Amino acid sequence: MISTNVPSVVDEETGAYPPLGLLYVAAYLEKYSSHSVEILDAYLDDLSYEQIEAEIRRRRPDAVGVQAMTFTLIDAVLCAKAVKRADPSIPVIFGGPHVYIYPQETMSIPEVDYIVVGEGEVTFTRLIECLAEDKDLSVVDGIGYRDGQGEVYLTPSVPLNQDLDALPMPARHLLDQDRYYSVLAKEFPITTMMTSRGCPMRCIFCDRPHLGKQFRYRSARSVVEEMEFCEKIGIREIFVYDDTFNIRRDRVMDICRLKIERGVSLAWDIRAHISAMSEEMLDALAAAGCSRIHYGVEAGTEEIVRTLQKGIDLERTKTVFHQTRQRGIATLGYFMLGNPGETREQAVETIEYARRLDADYIHLALATPFPATELYRLGFERGLYRKDYWREFARDPRPDFVPELWEETMNRSELIRLMQWGYRRFYFRGKYLIRRLLELRSWNEFKRKAKAGYRLLSWGAKADGGPVA
């Protein structure tokens, strides 16, 4: 059995998305072992920890795997505690990005019996087989465990999987697919999929070290076959979760061509890099039913773009956004505020730049130095931080922990106020609201977006006075 309680997977303002990593691990375990697998999407079901405990008592699993990311670690630990309350003898296995960064610290958590470090499909299956047959765990690479005296052992790391086509499709049959949706989507139910792993870009804030910098990708045939399967089981839209879908032009063109040839009509959206996009690629994506492209812009001034090592040109960015909209593909721009060296005036210019881009949607975030990022290292170099607070949190995930922001030129309250103002400045424009209303295609879509808009309006209500605290 695999259990998850990950807040990032469900967000009432943007939608509910299947736990893709767990679905991959479950699929591999089903195919290459004799064990049965269940997935408990505890956050989607809005289960309390007492209810999780009751589910464990009812289902009586032989082992429980928990997905752990650093910013959801508290939930993961509380989930593990619920398992141990139900039955202390059930092995609890942690995997995910957090475990990759902090293996020793994760093993110091009493409720965690084993960890899977790195990509989990093969390693988790081998660990489960060894546990079931009471074999020596030292033969399983990529795990952590304790011996009889409580001493922690970490086995050698596992190389990154180079043959992604060999992985079975995610085990979507283990979840009720009809319950997953996105507020941005025109159709539902939706699902997620990955067509590649790893990103060669050098953005200083990137928090995915477990996937590596090598771009590993599935063949066009494999990708389109999964799309075809999703359509057959009733999926209406796919969010491709790749960090950067459009790195290889030839692969993008082949996927689009095959999708058209096979008559796969479901909608899909991707995350793409501005520098790798071309008009030819946009033509192919539009013809193949791509409905939305997410672009990481991050800043509206060239100085901050260079600081973040985004590798984009802001004038070209405006051109690419325009070319994307011309082809009927919606755009979403990601932006960050409070970056290294960024003044309030530059942050305001980022918001104004986002308005000039005239994207269909934007996502604003505050620069947060996550562990194992260049941004986190830079914070120590510039004297912003005196202690390795993420490592301390990994050892002792306290519920009152608050991640540090980059408070070099603005403090936390100023940054939050600026973000609230930015959201209102972008979304609550008469022309923008009218355009969004005219594009609505169903009553359900209206209700989803109205709910999200109300939440955004309520959240930003204190920011009417402008961006200055």
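**Figure 1. The loop between β10 and β11 holds Pro 189.** Pro 189 is found in the loop that joins β10 (181–182) to β11; helices (H or I, at least four residues) and strands (E, at least two) are DSSP runs, numbered from the N terminus. The peptide bond from Phe 188 to Pro 189 is cis, and its omega is near 10 degrees. The model is predicted: local features need pLDDT of at least 70 and side-chain atom pairs count only at pLDDT 80 or more, while totals for chains, interfaces and linings use all residues. Residues are numbered from 1 along each chain as its sequence is written, and side-chain values use heavy atoms, with hydrogens and water left out.

**Figure 2. Strand β11 pairs with strand β14.** From β11 (residues 190–193), Ile 190 and Thr 192 point one way, and Thr 191 and Met 193 point the other way. In a regular strand the side chains alternate between the two faces of the sheet. All four of these β11 residues are buried, where buried means under 20% relative accessible area, exposed over 50%, and partly exposed in between (1.4 Å probe, protein chains only). β11 and β14 (residues 237–240) pair in the parallel sense over four bridges; two strands pair if DSSP finds at least two bridges between them. Met 193 has Val 240 of β14 as its bridge partner.

**Figure 3. Helix α2 has buried and exposed residues.** The buried residues of α2 (residues 49–59) are Ile 52, Glu 53, Glu 55 and Ile 56. Seen down the axis of α2, these residues fall within an arc of 160 degrees, so they line one face of the helix; the arc is that of the directions from the helix axis to the C-beta atoms. An α-helix has 3.6 residues a turn, so residues three or four places apart point the same way. On the other side of α2, Glu 50 and Arg 58 are exposed. The cover over the buried residues of α2 includes β4 (39–41), β5 (64–67) and α3 (73–86). Arg 60 follows α2 and has a positive phi, near 50 degrees.

**Figure 4. Phe 94 belongs to the largest nonpolar core.** A nonpolar core is a set of buried Ala, Val, Leu, Ile, Met, Phe, Trp, Tyr and Cys residues joined through side-chain atoms within 4.5 Å. The largest one has 107 residues, of which Phe 94, Trp 268, Leu 285, Ile 293 and Tyr 295 touch the most other members. α3 gives the most to this core, with eight residues. With neighbours within four places in sequence left aside, Phe 94 is in contact with residues including Val 66, Leu 73, Val 77, Tyr 114 and Ile 115; contact means heavy atoms within 4.5 Å.

**Figure 5. Aromatic rings form pairs and a cluster.** A search of the whole structure finds 21 aromatic pairs. Rings of Phe, Tyr and Trp (its six-membered ring) pair if their centres lie within 6.5 Å; planes under 30 degrees apart count as stacked, over 60 as edge-to-face and the rest as tilted. The rings of Tyr 145 and Tyr 153 are stacked, because their centres are 5.8 Å apart and their planes are at 20 degrees. Tyr 145 counts as buried at 11% relative accessibility, whereas Tyr 153 is partly exposed at 36%. Phe 215 and Tyr 217 form another stacked pair, at 5.6 Å centre to centre and 25 degrees between the planes. Phe 215 is buried, at 13% relative accessibility, and Tyr 217 is partly exposed, with a relative accessible area of 35%. Ring pairs also link a cluster that includes Phe 71, Phe 370, Tyr 376, Trp 390 and Trp 406.

**Figure 6. Asp 134 and Glu 298 have positive phi.** Asp 134, which is not a glycine, has a positive phi of about 55 degrees. Asp 134 sits in the loop between α6 (120–133) and β8 (143–146) and is exposed, with a relative accessible area of 70%. Glu 298, also not a glycine, has a positive phi of about 80 degrees. Glu 298 lies in strand β16 (residues 290–298) and counts as buried, at 7% relative accessibility.
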